[in-house]
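Visitor: Hi! Could you walk me through this protein model?
Guide: Happy to. Let's have a look at it together.

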Amino acid sequence: MNSHDAAVRRLTSLFYTLRRRGFELGIGELLDAIRALELGWAHDEPGLKKLASLLFCHSPEEQYQLELLSMETARPRTGPAEGPGQPQAEAQPTPDPPVQPSPTAGTQGELTPIPVKTPPAPALPFGERPQTYWPITQRAMAYGWRRLRRPVADGPADVLDLDATVSRAVHDGFFLQPAYTRRVRNHARLTLLLDMNGSMAPFHSFCRDLAATATAEPTLEEVAVFYFHNLPEAFYLDRYLTRPAGPLLPAIEPDTSILVVSDAGAARGHHRSQRVRATNEFVTACRRHTPLMAWLNPLPRERWNGNSASAISQFVPMRQLDDEGFRHAVDLLRGYGK
């Protein structure tokens, strides 16, 4: 049995164990976990534990139960004491503690039907998620979008200009009326380009949160969200890639900020010349319209070496997806840094 088959068998066994302990898991979670193994996400024990925490646990309490189960599995099991002349006794496995059967459980144990879709987990408060689930919270996204500002004084002239009022009164020798200035308005425009499917599947929920927090931010004048798969050539209006969008670049203005979210090939670790060339052509075309562009990569920086992500990061500013990387990306979208 090779390492992949052993990892699949270990993960499947853990899946059934968690179901027996009351975890609301469906066949979708198991298939997603097996798919992640095929993509090379984890084969050793720590990697399997982290993968199970991401896909099988829907609350901090379930993560705590998974940690306890890992400790029980790792605990050495010993038999009775052995004397010098006594034969070595075989260790007896410790049975799982009894659990209360769920209302839908049958009498066949592992042969009971598995739901196709797990019931939705209770919603956590805004911005609150298990610490191991995302490197950045919804609250951090919302705060970051508020920093994306392009102030222009083109509003109604109803803001009191105290300095100008005093200067005019001193110049005229008397006070006639106050001086007003135009109200400053935020003209920041944002275009989000989100890579979907394939190696980006584990980050779909994050992409949805990123789009939702941006569109909900009232200080942004305009937010446009488009989706693509691997190559930034064809764009779509929905994350299922079924509604093609029209030409993207004609709508880009000089003050439009473009943020691309993609692993840029770092997940599979391959260097694809076609992907690098197509991305370079797209970035060059975008910069004819606006210099405000940044790239967020959900894979850690050490995973970019030797693949397409490393080459793409040479001609477009790419940041790692975490709190610091998101702040730097927003600064780039504001026109600061490089």
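**Rings, core and surface**

Guide: This is a predicted model. Let's start with tyrosine 16, which counts as partly exposed because its relative accessibility is 22%, and buried would mean under 20%.

Visitor: Which residue does tyrosine 16 form an aromatic pair with?
Guide: Its partner is phenylalanine 15, and the two are edge-to-face, at 5.5 Å centre to centre with 75° between the planes. Phenylalanine 15 is buried, with a relative accessible area of 0%. Ring pairs also link Phe56 with Phe15 and Tyr16 into a cluster.

Visitor: How many aromatic pairs does the structure hold?
Guide: There are 5. One of them joins tryptophan 145 and phenylalanine 326, edge-to-face at 5.3 Å centre to centre and 85° between the planes.

Visitor: Where do those two lie?
Guide: Tryptophan 145 is in helix 5 and phenylalanine 326 is in helix 10, so the pair ties together parts that are 181 residues apart in sequence.

Visitor: Are they buried or exposed?
Guide: Tryptophan 145 and phenylalanine 326 are both buried. Trp145 is also among the residues that touch the most other members of the largest nonpolar core, which has 56 residues.

Visitor: New topic: which residues make the nonpolar surface patch?
Guide: Leu160, Leu162, Val166, Val170 and Tyr180 make a patch of about 530 Å². Helix 6 gives the largest share, 3 residues.

Visitor: Is valine 170 buried or exposed?
Guide: Valine 170, which lies in helix 6, is exposed, with a relative accessible area of 65%.

How values were computed: Residues numbered from 1 in each chain as written. Predicted model: local features only at pLDDT ≥ 70, side-chain atom pairs only at ≥ 80, totals over all residues. Heavy atoms only, no water. Patch = residues over 30% accessible without salt bridge, like charges linked within 9 Å, V, L, I, M, F, W, Y side chains within 5 Å. Areas by Shrake-Rupley, 256 points an atom, 1.4 Å probe, with all protein chains shown as cover. Salt bridge = Lys/Arg side-chain N within 4 Å of Asp/Glu carboxyl O. Helix = DSSP H or I, 4+ residues; strand = E, 2+ residues; numbered from the N terminus. Buried < 20%, exposed > 50% of the residue type's maximum accessible area, 1.4 Å probe, protein only. Core = buried A, V, L, I, M, F, W, Y, C linked by side-chain atoms within 4.5 Å. Phe/Tyr/Trp six-rings, centres within 6.5 Å; stacked < 30°, edge-to-face > 60°.
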